[in-house]
Amino acid sequence: MKTKYLIVTFLSVLTHHTLRAQDVNFRALDNTKHLVSAHVGGDYGTYYGVSYGYVLKTRYTPLIVGTEFTLPFGNDVLDDWKWKTSVQGEVWRRENFSLVLKPSVIFRRYESTMARMYNVGADVSLNFGYVQPKWGVVAVVNFDKAIATHIKNGLLKEYYPEIKDGWYVATGGNFKFGARLQYSFGTWDTFVTVGKQFGQNFEDNPTLPYFAEVSVQKRINKW
Amino acid sequence: MYKCINVFLLFLLAACELEEWSKPGALVPLTADQDSSIPSVAVNGTLLHVETYGNPTDPLLIVIHGGPGGDFRSLLNAKDFSDDGFYVVFYDQRGTGLSKREDRSQYEGEDAVDLFINDLDALINHFKIGPTQKVFLLGHSWGAMLATAYINEHPEKINGAVLGEPGGPTWPQTEEYLSRSNKVKFFKEAINDALVPEQIIAGRSEHEVLDYKASFFASYENAPGNVIGNPGPYPFWRNGAVAFEALNENAGEYGFDFTANLHGFSTNVLFLYSENNTAYGKNWAETVSSPFPNVEVAMVENCGHEMLYFGWTDLYPKALTYLNQLR
(Lines give C-alpha, C1' and ligand atoms only; values in the text may rest on other atoms or scores of the structure.)
Protein backbone atom coordinates (compact mmCIF):
# COMPACT_ATOMS: atom_id res chain seq x y z
CA MET A 1 0.00 0.00 0.00
CA LYS A 2 2.82 2.33 0.87
CA THR A 3 4.44 1.57 -2.48
CA LYS A 4 1.22 2.40 -4.33
CA TYR A 5 0.90 5.62 -2.37
CA LEU A 6 4.42 6.58 -3.32
CA ILE A 7 3.80 5.79 -6.99
CA VAL A 8 0.66 7.96 -7.01
CA THR A 9 2.51 10.78 -5.29
CA PHE A 10 5.48 10.46 -7.60
CA LEU A 11 3.38 10.44 -10.76
CA SER A 12 1.25 13.33 -9.52
CA VAL A 13 4.33 15.41 -8.88
CA LEU A 14 5.95 14.30 -12.12
CA THR A 15 2.98 15.21 -14.20
CA HIS A 16 1.48 18.18 -12.41
CA HIS A 17 -0.12 19.48 -15.62
CA THR A 18 -3.21 18.38 -17.92
CA LEU A 19 -6.63 18.41 -19.84
CA ARG A 20 -7.89 15.62 -22.07
CA ALA A 21 -5.60 12.80 -20.95
CA GLN A 22 -6.35 9.16 -21.07
CA ASP A 23 -9.84 7.95 -21.80
CA VAL A 24 -10.61 4.75 -19.92
CA ASN A 25 -13.17 1.96 -20.15
CA PHE A 26 -13.39 0.95 -16.49
CA ARG A 27 -15.42 -2.17 -17.40
CA ALA A 28 -12.66 -3.59 -19.54
CA LEU A 29 -9.70 -3.12 -17.24
CA ASP A 30 -9.54 -6.68 -15.79
CA ASN A 31 -5.90 -7.16 -14.83
CA THR A 32 -4.64 -4.23 -16.87
CA LYS A 33 -1.61 -2.49 -15.37
CA HIS A 34 -0.73 -0.03 -18.10
CA LEU A 35 -2.69 1.98 -20.66
CA VAL A 36 -0.95 3.41 -23.68
CA SER A 37 -2.89 5.63 -26.08
CA ALA A 38 -2.58 7.80 -29.15
CA HIS A 39 -5.09 10.50 -29.95
CA VAL A 40 -5.90 12.99 -32.68
CA GLY A 41 -8.51 15.72 -32.66
CA GLY A 42 -9.49 19.32 -32.98
CA ASP A 43 -10.61 22.02 -30.55
CA TYR A 44 -8.55 25.25 -30.67
CA GLY A 45 -6.92 24.01 -33.86
CA THR A 46 -5.94 20.45 -34.65
CA TYR A 47 -3.67 18.27 -32.53
CA TYR A 48 -2.21 14.85 -31.96
CA GLY A 49 -0.59 13.21 -28.97
CA VAL A 50 0.18 10.23 -26.80
CA SER A 51 -0.69 9.31 -23.25
CA TYR A 52 0.19 6.77 -20.61
CA GLY A 53 -1.82 5.56 -17.64
CA TYR A 54 -0.85 3.41 -14.68
CA VAL A 55 -3.68 1.40 -13.13
CA LEU A 56 -3.74 1.27 -9.35
CA LYS A 57 -6.07 -1.28 -7.83
CA THR A 58 -7.61 0.15 -4.67
CA ARG A 59 -10.20 -1.25 -2.29
CA TYR A 60 -13.08 0.60 -3.93
CA THR A 61 -12.19 1.32 -7.54
CA PRO A 62 -9.21 1.24 -9.85
CA LEU A 63 -7.44 4.58 -10.04
CA ILE A 64 -5.66 5.58 -13.21
CA VAL A 65 -2.80 7.98 -12.91
CA GLY A 66 -2.17 9.26 -16.37
CA THR A 67 -0.08 11.71 -18.25
CA GLU A 68 -0.56 13.04 -21.73
CA PHE A 69 1.47 15.06 -24.17
CA THR A 70 -0.30 16.88 -27.00
CA LEU A 71 1.05 18.85 -29.95
CA PRO A 72 -0.88 20.92 -32.46
CA PHE A 73 -0.37 20.18 -36.13
CA GLY A 74 1.77 22.71 -37.97
CA ASN A 75 5.27 23.35 -39.19
CA ASP A 76 6.81 24.37 -35.86
CA VAL A 77 6.58 21.15 -33.89
CA LEU A 78 7.50 22.20 -30.36
CA ASP A 79 6.48 25.86 -30.25
CA ASP A 80 3.07 24.90 -28.83
CA TRP A 81 2.38 21.92 -26.57
CA LYS A 82 0.30 20.75 -23.68
CA TRP A 83 1.31 18.38 -20.92
CA LYS A 84 -1.46 17.09 -18.74
CA THR A 85 -1.52 14.78 -15.76
CA SER A 86 -4.61 13.31 -14.24
CA VAL A 87 -5.94 10.92 -11.66
CA GLN A 88 -9.27 9.34 -12.44
CA GLY A 89 -11.59 6.90 -10.81
CA GLU A 90 -15.15 5.69 -10.83
CA VAL A 91 -16.84 7.60 -8.02
CA TRP A 92 -20.24 6.00 -8.51
CA ARG A 93 -21.54 2.90 -10.30
CA ARG A 94 -24.81 1.00 -10.48
CA GLU A 95 -24.97 -2.01 -12.77
CA ASN A 96 -23.83 -0.60 -16.11
CA PHE A 97 -24.14 3.05 -15.22
CA SER A 98 -20.96 4.83 -14.23
CA LEU A 99 -19.74 8.21 -13.06
CA VAL A 100 -16.05 8.98 -13.44
CA LEU A 101 -14.24 11.97 -11.96
CA LYS A 102 -10.98 13.11 -13.48
CA PRO A 103 -9.11 16.09 -12.04
CA SER A 104 -5.99 17.14 -13.90
CA VAL A 105 -3.16 19.60 -13.87
CA ILE A 106 -1.97 21.24 -17.10
CA PHE A 107 1.21 22.87 -18.22
CA ARG A 108 1.21 24.36 -21.71
CA ARG A 109 3.31 26.46 -23.99
CA TYR A 110 2.37 28.72 -26.89
CA GLU A 111 4.61 30.66 -29.21
CA SER A 112 4.10 32.72 -32.34
CA THR A 113 5.69 35.87 -33.73
CA MET A 114 3.32 37.82 -31.46
CA ALA A 115 4.25 36.37 -28.08
CA ARG A 116 5.33 33.35 -26.07
CA MET A 117 3.22 32.06 -23.17
CA TYR A 118 3.73 29.43 -20.48
CA ASN A 119 0.55 28.56 -18.67
CA VAL A 120 -0.26 26.54 -15.58
CA GLY A 121 -3.83 25.35 -15.40
CA ALA A 122 -6.16 22.78 -13.96
CA ASP A 123 -9.06 20.89 -15.34
CA VAL A 124 -11.77 18.58 -14.16
CA SER A 125 -13.92 16.16 -16.15
CA LEU A 126 -17.08 14.34 -15.20
CA ASN A 127 -18.04 11.38 -17.40
CA PHE A 128 -21.45 9.81 -16.88
CA GLY A 129 -22.85 7.05 -19.00
CA TYR A 130 -23.87 3.51 -19.78
CA VAL A 131 -20.82 1.32 -20.05
CA GLN A 132 -20.37 -2.36 -20.80
CA PRO A 133 -17.10 -4.26 -21.22
CA LYS A 134 -17.43 -4.07 -25.02
CA TRP A 135 -18.99 -0.69 -25.55
CA GLY A 136 -20.36 2.39 -23.90
CA VAL A 137 -21.99 5.76 -24.36
CA VAL A 138 -20.82 8.53 -22.06
CA ALA A 139 -21.71 12.18 -21.53
CA VAL A 140 -18.63 14.32 -20.90
CA VAL A 141 -18.45 17.63 -19.06
CA ASN A 142 -15.09 19.32 -18.75
CA PHE A 143 -13.83 22.61 -17.35
CA ASP A 144 -10.31 23.77 -18.20
CA LYS A 145 -9.07 26.66 -16.08
CA ALA A 146 -5.98 28.63 -17.07
CA ILE A 147 -4.66 29.76 -13.69
CA ALA A 148 -1.45 31.69 -14.29
CA THR A 149 0.42 32.60 -17.45
CA HIS A 150 3.86 33.97 -18.12
CA ILE A 151 3.95 36.17 -21.22
CA LYS A 152 6.96 37.32 -23.16
CA ASN A 153 5.72 39.49 -25.99
CA GLY A 154 7.45 39.43 -29.38
CA LEU A 155 6.12 41.47 -32.27
CA LEU A 156 3.53 43.01 -29.95
CA LYS A 157 6.39 44.59 -27.99
CA GLU A 158 7.68 46.20 -31.19
CA TYR A 159 4.23 47.64 -31.82
CA TYR A 160 3.73 48.69 -28.20
CA PRO A 161 7.06 49.02 -26.35
CA GLU A 162 5.36 49.73 -22.98
CA ILE A 163 3.64 46.35 -23.02
CA LYS A 164 4.32 44.41 -19.82
CA ASP A 165 5.92 40.97 -19.91
CA GLY A 166 5.55 38.79 -16.85
CA TRP A 167 3.11 36.64 -14.91
CA TYR A 168 -0.62 37.19 -15.36
CA VAL A 169 -3.14 35.59 -13.06
CA ALA A 170 -6.56 33.95 -13.57
CA THR A 171 -6.62 34.18 -17.30
CA GLY A 172 -9.82 32.33 -18.03
CA GLY A 173 -11.42 29.01 -18.64
CA ASN A 174 -13.39 26.95 -21.11
CA PHE A 175 -16.22 24.45 -20.74
CA LYS A 176 -16.67 21.42 -22.96
CA PHE A 177 -19.89 19.47 -23.21
CA GLY A 178 -19.81 16.34 -25.30
CA ALA A 179 -20.62 12.72 -25.88
CA ARG A 180 -18.27 9.77 -26.14
CA LEU A 181 -18.72 6.46 -27.89
CA GLN A 182 -16.34 3.73 -26.84
CA TYR A 183 -15.73 0.27 -28.23
CA SER A 184 -13.39 -2.39 -26.89
CA PHE A 185 -12.04 -5.50 -28.60
CA GLY A 186 -9.31 -7.84 -27.37
CA THR A 187 -6.83 -5.66 -25.52
CA TRP A 188 -7.74 -2.54 -27.48
CA ASP A 189 -10.13 0.32 -26.79
CA THR A 190 -11.28 3.05 -29.14
CA PHE A 191 -12.96 6.30 -28.14
CA VAL A 192 -14.70 8.92 -30.26
CA THR A 193 -15.67 12.15 -28.48
CA VAL A 194 -17.54 15.07 -30.01
CA GLY A 195 -19.08 18.13 -28.45
CA LYS A 196 -19.30 21.87 -28.12
CA GLN A 197 -17.05 24.25 -26.21
CA PHE A 198 -17.78 27.55 -24.48
CA GLY A 199 -15.86 30.24 -22.64
CA GLN A 200 -16.43 30.31 -18.88
CA ASN A 201 -18.77 33.30 -19.23
CA PHE A 202 -20.60 31.68 -22.19
CA GLU A 203 -20.05 34.91 -24.18
CA ASP A 204 -16.37 34.95 -25.10
CA ASN A 205 -16.47 31.55 -26.79
CA PRO A 206 -13.76 29.79 -28.81
CA THR A 207 -13.67 30.63 -32.52
CA LEU A 208 -14.11 26.97 -33.41
CA PRO A 209 -17.28 26.09 -31.49
CA TYR A 210 -17.00 22.30 -31.71
CA PHE A 211 -14.39 19.78 -30.68
CA ALA A 212 -13.78 16.17 -31.67
CA GLU A 213 -11.23 13.56 -30.71
CA VAL A 214 -10.45 9.98 -31.67
CA SER A 215 -8.17 7.89 -29.52
CA VAL A 216 -6.90 4.32 -29.66
CA GLN A 217 -5.67 2.57 -26.53
CA LYS A 218 -3.73 -0.60 -25.78
CA ARG A 219 -4.31 -2.36 -22.46
CA ILE A 220 -1.22 -4.09 -21.13
CA ASN A 221 -1.11 -6.53 -18.22
CA LYS A 222 2.65 -6.81 -18.00
CA TRP A 223 5.50 -5.01 -19.68
CA MET B 1 10.51 21.52 7.72
CA TYR B 2 6.97 22.73 6.89
CA LYS B 3 7.93 26.21 8.04
CA CYS B 4 10.85 26.19 5.61
CA ILE B 5 8.55 25.11 2.76
CA ASN B 6 6.02 27.82 3.62
CA VAL B 7 8.71 30.48 3.73
CA PHE B 8 10.06 29.26 0.41
CA LEU B 9 6.57 29.38 -1.17
CA LEU B 10 5.97 32.88 0.18
CA PHE B 11 9.31 33.95 -1.27
CA LEU B 12 8.32 32.52 -4.66
CA LEU B 13 4.97 34.31 -4.58
CA ALA B 14 6.65 37.56 -3.69
CA ALA B 15 9.18 37.10 -6.47
CA CYS B 16 6.41 36.63 -9.01
CA GLU B 17 4.59 39.92 -9.30
CA LEU B 18 1.26 38.84 -10.74
CA GLU B 19 -0.40 41.18 -13.19
CA GLU B 20 -4.08 41.40 -14.01
CA TRP B 21 -4.85 40.96 -17.72
CA SER B 22 -7.36 43.77 -17.85
CA LYS B 23 -5.14 46.42 -16.20
CA PRO B 24 -5.28 49.45 -18.54
CA GLY B 25 -2.07 49.83 -20.52
CA ALA B 26 -0.60 46.47 -19.47
CA LEU B 27 -1.13 44.51 -22.68
CA VAL B 28 -2.76 46.97 -25.08
CA PRO B 29 -2.20 50.73 -25.38
CA LEU B 30 -4.29 53.25 -23.49
CA THR B 31 -7.08 54.86 -25.48
CA ALA B 32 -7.84 58.54 -26.03
CA ASP B 33 -10.18 58.72 -23.04
CA GLN B 34 -7.49 57.17 -20.79
CA ASP B 35 -4.53 59.21 -22.08
CA SER B 36 -5.09 62.89 -22.81
CA SER B 37 -1.86 63.11 -24.84
CA ILE B 38 -3.50 61.10 -27.64
CA PRO B 39 -4.90 63.53 -30.26
CA SER B 40 -8.64 63.12 -30.37
CA VAL B 41 -11.91 64.66 -31.47
CA ALA B 42 -15.23 64.23 -29.66
CA VAL B 43 -18.00 63.58 -32.18
CA ASN B 44 -21.34 61.86 -32.23
CA GLY B 45 -21.15 60.83 -28.58
CA THR B 46 -17.74 59.19 -28.69
CA LEU B 47 -14.06 60.13 -28.62
CA LEU B 48 -12.10 59.32 -31.77
CA HIS B 49 -8.33 59.16 -32.10
CA VAL B 50 -7.60 61.59 -34.94
CA GLU B 51 -4.40 62.77 -36.59
CA THR B 52 -4.25 65.45 -39.27
CA TYR B 53 -1.52 66.48 -41.69
CA GLY B 54 -1.34 69.49 -44.01
CA ASN B 55 -3.11 72.80 -44.39
CA PRO B 56 -6.69 72.83 -43.01
CA THR B 57 -7.86 74.95 -45.94
CA ASP B 58 -6.75 72.40 -48.54
CA PRO B 59 -9.16 69.81 -49.93
CA LEU B 60 -10.00 67.26 -47.26
CA LEU B 61 -8.80 63.67 -47.68
CA ILE B 62 -10.34 61.40 -45.05
CA VAL B 63 -8.50 58.09 -44.67
CA ILE B 64 -10.73 55.21 -43.53
CA HIS B 65 -9.10 52.05 -42.15
CA GLY B 66 -10.16 48.43 -42.47
CA GLY B 67 -11.39 45.79 -40.09
CA PRO B 68 -13.93 46.37 -38.76
CA GLY B 69 -11.87 46.67 -35.62
CA GLY B 70 -8.58 47.75 -37.23
CA ASP B 71 -6.82 51.10 -36.92
CA PHE B 72 -5.04 53.60 -39.19
CA ARG B 73 -1.44 52.88 -38.14
CA SER B 74 -0.67 50.88 -41.28
CA LEU B 75 -2.16 53.59 -43.50
CA LEU B 76 0.09 56.42 -42.36
CA ASN B 77 1.93 56.44 -45.69
CA ALA B 78 -1.05 58.43 -46.91
CA LYS B 79 0.16 61.48 -45.03
CA ASP B 80 2.36 62.01 -48.13
CA PHE B 81 -0.72 63.56 -49.73
CA SER B 82 -0.36 66.51 -47.37
CA ASP B 83 2.72 67.55 -49.39
CA ASP B 84 0.53 67.53 -52.49
CA GLY B 85 -2.00 70.05 -51.24
CA PHE B 86 -4.45 67.86 -49.34
CA TYR B 87 -5.47 68.14 -45.72
CA VAL B 88 -5.18 64.47 -44.65
CA VAL B 89 -7.34 63.28 -41.76
CA PHE B 90 -6.79 59.87 -40.19
CA TYR B 91 -9.14 58.50 -37.57
CA ASP B 92 -9.62 55.28 -35.66
CA GLN B 93 -13.23 54.27 -35.94
CA ARG B 94 -15.56 54.03 -32.97
CA GLY B 95 -14.31 51.52 -30.40
CA THR B 96 -11.12 50.63 -32.28
CA GLY B 97 -7.44 51.56 -32.27
CA LEU B 98 -6.77 54.37 -29.82
CA SER B 99 -10.35 55.62 -29.94
CA LYS B 100 -12.52 55.21 -26.85
CA ARG B 101 -13.96 51.76 -26.24
CA GLU B 102 -17.72 51.57 -26.47
CA ASP B 103 -20.23 49.09 -25.13
CA ARG B 104 -21.05 46.10 -27.27
CA SER B 105 -24.72 47.08 -27.36
CA GLN B 106 -23.85 50.00 -29.66
CA TYR B 107 -23.00 47.58 -32.45
CA GLU B 108 -25.93 45.24 -32.04
CA GLY B 109 -28.84 47.18 -33.53
CA GLU B 110 -30.00 46.89 -37.11
CA ASP B 111 -28.70 50.42 -37.70
CA ALA B 112 -25.19 49.77 -36.36
CA VAL B 113 -23.50 50.73 -39.63
CA ASP B 114 -25.38 54.03 -39.57
CA LEU B 115 -23.50 54.85 -36.40
CA PHE B 116 -20.21 54.59 -38.32
CA ILE B 117 -21.63 56.58 -41.23
CA ASN B 118 -22.76 59.28 -38.77
CA ASP B 119 -19.33 59.32 -37.10
CA LEU B 120 -17.74 59.93 -40.49
CA ASP B 121 -20.28 62.59 -41.32
CA ALA B 122 -19.64 64.34 -38.00
CA LEU B 123 -15.90 64.17 -38.60
CA ILE B 124 -16.26 65.73 -42.08
CA ASN B 125 -18.44 68.48 -40.63
CA HIS B 126 -15.84 69.04 -37.91
CA PHE B 127 -12.96 69.57 -40.32
CA LYS B 128 -14.72 71.13 -43.32
CA ILE B 129 -14.28 74.89 -42.97
CA GLY B 130 -16.34 76.10 -45.92
CA PRO B 131 -18.89 75.00 -48.51
CA THR B 132 -16.35 75.14 -51.34
CA GLN B 133 -13.78 72.90 -49.67
CA LYS B 134 -13.80 69.58 -51.50
CA VAL B 135 -13.96 66.27 -49.63
CA PHE B 136 -12.31 63.05 -50.79
CA LEU B 137 -12.39 59.60 -49.20
CA LEU B 138 -9.58 57.04 -49.20
CA GLY B 139 -10.90 53.75 -47.85
CA HIS B 140 -9.17 50.43 -47.46
CA SER B 141 -10.92 47.06 -47.13
CA TRP B 142 -13.79 47.54 -44.63
CA GLY B 143 -12.89 51.23 -44.78
CA ALA B 144 -13.65 51.18 -48.51
CA MET B 145 -16.99 49.53 -47.73
CA LEU B 146 -17.73 52.25 -45.18
CA ALA B 147 -16.75 54.90 -47.73
CA THR B 148 -19.17 53.28 -50.19
CA ALA B 149 -21.89 53.29 -47.53
CA TYR B 150 -21.24 56.98 -46.87
CA ILE B 151 -21.40 57.86 -50.58
CA ASN B 152 -24.60 55.84 -50.85
CA GLU B 153 -26.06 57.92 -48.00
CA HIS B 154 -24.55 61.35 -48.80
CA PRO B 155 -23.46 61.39 -52.48
CA GLU B 156 -23.65 65.17 -52.63
CA LYS B 157 -20.99 65.59 -49.92
CA ILE B 158 -18.18 63.69 -51.63
CA ASN B 159 -16.03 64.88 -54.53
CA GLY B 160 -14.14 61.66 -55.17
CA ALA B 161 -13.09 58.36 -53.64
CA VAL B 162 -10.19 55.92 -53.78
CA LEU B 163 -11.39 52.48 -52.75
CA GLY B 164 -8.90 49.70 -52.01
CA GLU B 165 -10.28 46.15 -52.10
CA PRO B 166 -13.61 46.45 -50.29
CA GLY B 167 -14.98 42.94 -49.72
CA GLY B 168 -18.16 44.00 -51.45
CA PRO B 169 -20.90 46.60 -51.13
CA THR B 170 -23.44 43.95 -50.10
CA TRP B 171 -23.23 41.31 -47.36
CA PRO B 172 -23.58 38.32 -49.74
CA GLN B 173 -20.65 39.65 -51.78
CA THR B 174 -18.58 40.26 -48.67
CA GLU B 175 -19.33 36.74 -47.43
CA GLU B 176 -18.29 35.34 -50.78
CA TYR B 177 -15.00 37.21 -50.67
CA LEU B 178 -14.32 36.22 -47.05
CA SER B 179 -14.90 32.58 -47.90
CA ARG B 180 -11.93 32.86 -50.25
CA SER B 181 -9.69 35.21 -48.29
CA ASN B 182 -10.09 33.61 -44.84
CA LYS B 183 -10.30 29.98 -45.86
CA VAL B 184 -9.44 27.89 -42.81
CA LYS B 185 -6.54 25.48 -43.20
CA PHE B 186 -6.90 23.20 -40.19
CA PHE B 187 -3.48 21.57 -40.24
CA LYS B 188 -1.38 24.71 -40.73
CA GLU B 189 0.71 26.57 -38.17
CA ALA B 190 -1.32 29.70 -38.88
CA ILE B 191 -4.46 28.27 -37.31
CA ASN B 192 -2.54 27.31 -34.16
CA ASP B 193 -0.91 30.72 -33.92
CA ALA B 194 -4.34 32.33 -34.18
CA LEU B 195 -6.45 30.04 -32.00
CA VAL B 196 -4.33 28.20 -29.41
CA PRO B 197 -4.28 31.32 -27.16
CA GLU B 198 -8.04 30.81 -26.81
CA GLN B 199 -7.44 27.98 -24.35
CA ILE B 200 -5.41 30.35 -22.14
CA ILE B 201 -7.29 33.63 -22.61
CA ALA B 202 -10.83 32.34 -22.42
CA GLY B 203 -14.26 33.36 -21.27
CA ARG B 204 -13.37 36.93 -20.34
CA SER B 205 -15.54 39.98 -20.90
CA GLU B 206 -13.08 42.83 -20.21
CA HIS B 207 -12.39 44.69 -23.45
CA GLU B 208 -8.64 44.95 -22.74
CA VAL B 209 -8.38 41.16 -22.52
CA LEU B 210 -10.44 40.62 -25.67
CA ASP B 211 -8.38 43.21 -27.56
CA TYR B 212 -5.14 41.47 -26.57
CA LYS B 213 -6.48 38.08 -27.63
CA ALA B 214 -7.60 39.55 -30.95
CA SER B 215 -3.96 40.42 -31.70
CA PHE B 216 -3.28 36.71 -32.12
CA PHE B 217 -6.38 36.10 -34.20
CA ALA B 218 -5.44 38.99 -36.49
CA SER B 219 -2.14 37.29 -37.31
CA TYR B 220 -3.97 34.62 -39.32
CA GLU B 221 -4.43 36.64 -42.50
CA ASN B 222 -0.72 37.52 -42.69
CA ALA B 223 0.73 34.08 -41.97
CA PRO B 224 3.02 32.44 -44.53
CA GLY B 225 0.98 31.00 -47.38
CA ASN B 226 -1.90 33.47 -46.96
CA VAL B 227 -3.99 33.94 -50.09
CA ILE B 228 -4.41 37.70 -49.76
CA GLY B 229 -0.79 38.29 -50.70
CA ASN B 230 0.56 40.02 -47.60
CA PRO B 231 4.29 39.27 -47.22
CA GLY B 232 4.03 39.44 -43.43
CA PRO B 233 2.54 41.34 -40.52
CA TYR B 234 1.97 45.08 -40.45
CA PRO B 235 1.80 47.40 -37.43
CA PHE B 236 -1.33 48.24 -35.49
CA TRP B 237 -2.18 49.90 -32.20
CA ARG B 238 -5.12 47.91 -30.91
CA ASN B 239 -7.61 45.53 -32.41
CA GLY B 240 -11.08 46.55 -31.37
CA ALA B 241 -12.25 43.03 -30.62
CA VAL B 242 -15.74 43.94 -29.49
CA ALA B 243 -16.42 46.18 -32.50
CA PHE B 244 -15.04 43.53 -34.85
CA GLU B 245 -17.02 40.63 -33.45
CA ALA B 246 -20.27 42.51 -32.90
CA LEU B 247 -20.27 44.13 -36.35
CA ASN B 248 -19.58 40.80 -38.03
CA GLU B 249 -22.42 39.20 -36.10
CA ASN B 250 -24.59 42.18 -36.96
CA ALA B 251 -23.87 41.79 -40.68
CA GLY B 252 -24.69 38.09 -40.44
CA GLU B 253 -27.99 38.85 -38.74
CA TYR B 254 -29.20 41.89 -40.67
CA GLY B 255 -27.06 41.95 -43.81
CA PHE B 256 -26.40 45.21 -45.66
CA ASP B 257 -26.63 46.73 -49.10
CA PHE B 258 -24.75 49.97 -49.76
CA THR B 259 -25.66 50.19 -53.45
CA ALA B 260 -29.23 51.58 -53.54
CA ASN B 261 -28.25 55.18 -54.39
CA LEU B 262 -24.85 54.71 -56.02
CA HIS B 263 -26.34 55.07 -59.50
CA GLY B 264 -26.76 58.76 -58.70
CA PHE B 265 -23.07 59.28 -57.91
CA SER B 266 -21.67 60.33 -61.28
CA THR B 267 -18.18 61.27 -60.04
CA ASN B 268 -15.37 59.00 -61.19
CA VAL B 269 -14.22 56.54 -58.53
CA LEU B 270 -10.73 55.00 -58.44
CA PHE B 271 -11.10 51.33 -57.52
CA LEU B 272 -7.88 49.51 -56.61
CA TYR B 273 -7.07 45.82 -56.30
CA SER B 274 -3.72 44.26 -55.49
CA GLU B 275 -1.59 42.09 -57.74
CA ASN B 276 -0.89 39.36 -55.16
CA ASN B 277 -4.30 38.92 -53.55
CA THR B 278 -5.49 35.75 -55.28
CA ALA B 279 -8.81 35.91 -53.43
CA TYR B 280 -9.63 39.23 -55.12
CA GLY B 281 -8.39 39.84 -58.68
CA LYS B 282 -9.60 41.95 -61.55
CA ASN B 283 -12.85 40.04 -62.10
CA TRP B 284 -13.96 40.54 -58.52
CA ALA B 285 -12.90 44.19 -58.61
CA GLU B 286 -15.05 44.74 -61.70
CA THR B 287 -17.98 42.85 -60.15
CA VAL B 288 -18.10 44.73 -56.85
CA SER B 289 -17.32 48.13 -58.37
CA SER B 290 -20.08 47.84 -60.99
CA PRO B 291 -22.76 49.71 -58.96
CA PHE B 292 -20.72 52.89 -59.46
CA PRO B 293 -21.73 54.39 -62.83
CA ASN B 294 -18.29 55.91 -63.40
CA VAL B 295 -15.39 53.84 -62.15
CA GLU B 296 -11.74 53.30 -63.04
CA VAL B 297 -10.37 49.92 -61.94
CA ALA B 298 -6.60 49.70 -61.49
CA MET B 299 -4.14 47.17 -60.13
CA VAL B 300 -1.55 48.00 -57.47
CA GLU B 301 1.61 46.08 -58.29
CA ASN B 302 3.88 43.98 -56.08
CA CYS B 303 1.64 43.81 -53.03
CA GLY B 304 -1.33 42.08 -51.50
CA HIS B 305 -4.41 43.26 -49.67
CA GLU B 306 -2.53 45.61 -47.31
CA MET B 307 -1.69 47.83 -50.27
CA LEU B 308 -1.23 51.15 -48.47
CA TYR B 309 1.53 49.58 -46.38
CA PHE B 310 3.24 47.14 -48.74
CA GLY B 311 2.30 48.66 -52.10
CA TRP B 312 2.70 52.36 -51.45
CA THR B 313 5.26 53.08 -54.18
CA ASP B 314 2.79 52.00 -56.86
CA LEU B 315 -0.43 53.09 -55.17
CA TYR B 316 0.68 56.62 -54.34
CA PRO B 317 1.22 57.97 -57.90
CA LYS B 318 -1.98 56.32 -59.16
CA ALA B 319 -4.06 57.78 -56.35
CA LEU B 320 -2.39 61.20 -56.62
CA THR B 321 -3.04 61.42 -60.38
CA TYR B 322 -6.70 60.60 -59.74
CA LEU B 323 -7.06 63.09 -56.87
CA ASN B 324 -5.35 65.88 -58.78
CA GLN B 325 -7.85 65.43 -61.62
CA LEU B 326 -10.74 66.10 -59.24
CA ARG B 327 -9.33 68.63 -56.77
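The stops below go from chain A to the interface and then to the helices of chain B.

Before selecting anything, note that this is a predicted model, in which local features need pLDDT of at least 70, side-chain atom pairs count only at pLDDT 80 or more, and totals for chains, interfaces and linings use all residues. Residues are numbered from 1 along each chain as its sequence is written, while chains are lettered from A and ligands numbered from 1 in the order in which they are written.

**Chain A**

Switch to a cartoon, and chain A shows two helices and ten strands, arranged along the sequence as α-β-β-β-β-β-β-β-α-β-β-β. These elements are DSSP runs numbered from the N terminus, helices being H or I of at least four residues and strands E of at least two. Of the 223 residues in chain A, 41% are buried, where buried means 20 or more other C-beta atoms within 10 Å of the residue's own, exposed means 12 or fewer, and partly exposed lies in between, with C-beta atoms placed from the backbone. Among contacts in chain A between residues at least 6 apart in sequence, 58% join residues at least 24 apart.

Next, select Thr58(A), in the loop between β2 (46-56) and β3 (63-72) of chain A. Is Thr58(A) buried or exposed? Thr58(A) counts as exposed because it has 11 C-beta neighbours inside 10 Å. Its C-alpha atom is separated by 23 Å from that of Glu68(A), ten residues apart along the chain.

**Between the chains**

Show both chains and select the interface, where 36 residues of chain B are in contact with 43 residues of chain A. On the chain B side, the elements giving two or more residues are β1 (18-20), α5 (189-195) and α6 (207-217), and α5(B) supplies the largest share, five residues. That side divides into 21 nonpolar, seven polar and eight charged residues; Ala, Val, Leu, Ile, Met, Phe, Trp, Tyr, Cys and Pro count as nonpolar, Asp, Glu, Lys and Arg as charged, and the others, Gly among them, as polar.

**Helices of chain B**

Select helix α3 of chain B, where eleven of the twelve residues are buried, including Trp142(B) and Met145(B). The buried residues of α3(B) pack against β4 (60-64), α2 (112-127), β6 (135-140) and β7 (160-164) of chain B.

The contact is made by Val113(B), Phe116(B), Ile117(B) and Leu120(B) of α2(B) and by Leu146(B), Ala149(B), Tyr150(B) and Glu153(B) of α3(B). By class, this contact has seven nonpolar, no polar and one charged residues.

Finally, select α6(B) with α7 (residues 241-254) of chain B, which pack at an angle of about 80° with their axes 8 Å apart. Here His207(B), Leu210(B), Asp211(B), Lys213(B) and Ala214(B) of α6(B) meet Ala241(B), Val242(B) and Phe244(B) of α7(B). Axes are lines fitted to C-alpha atoms, for helices over the stretch in contact, and angles run from 0 to 180 degrees between N-to-C directions.

How values were computed. Two residues are in contact if their C-beta atoms, placed from the backbone, lie within 7 Å.
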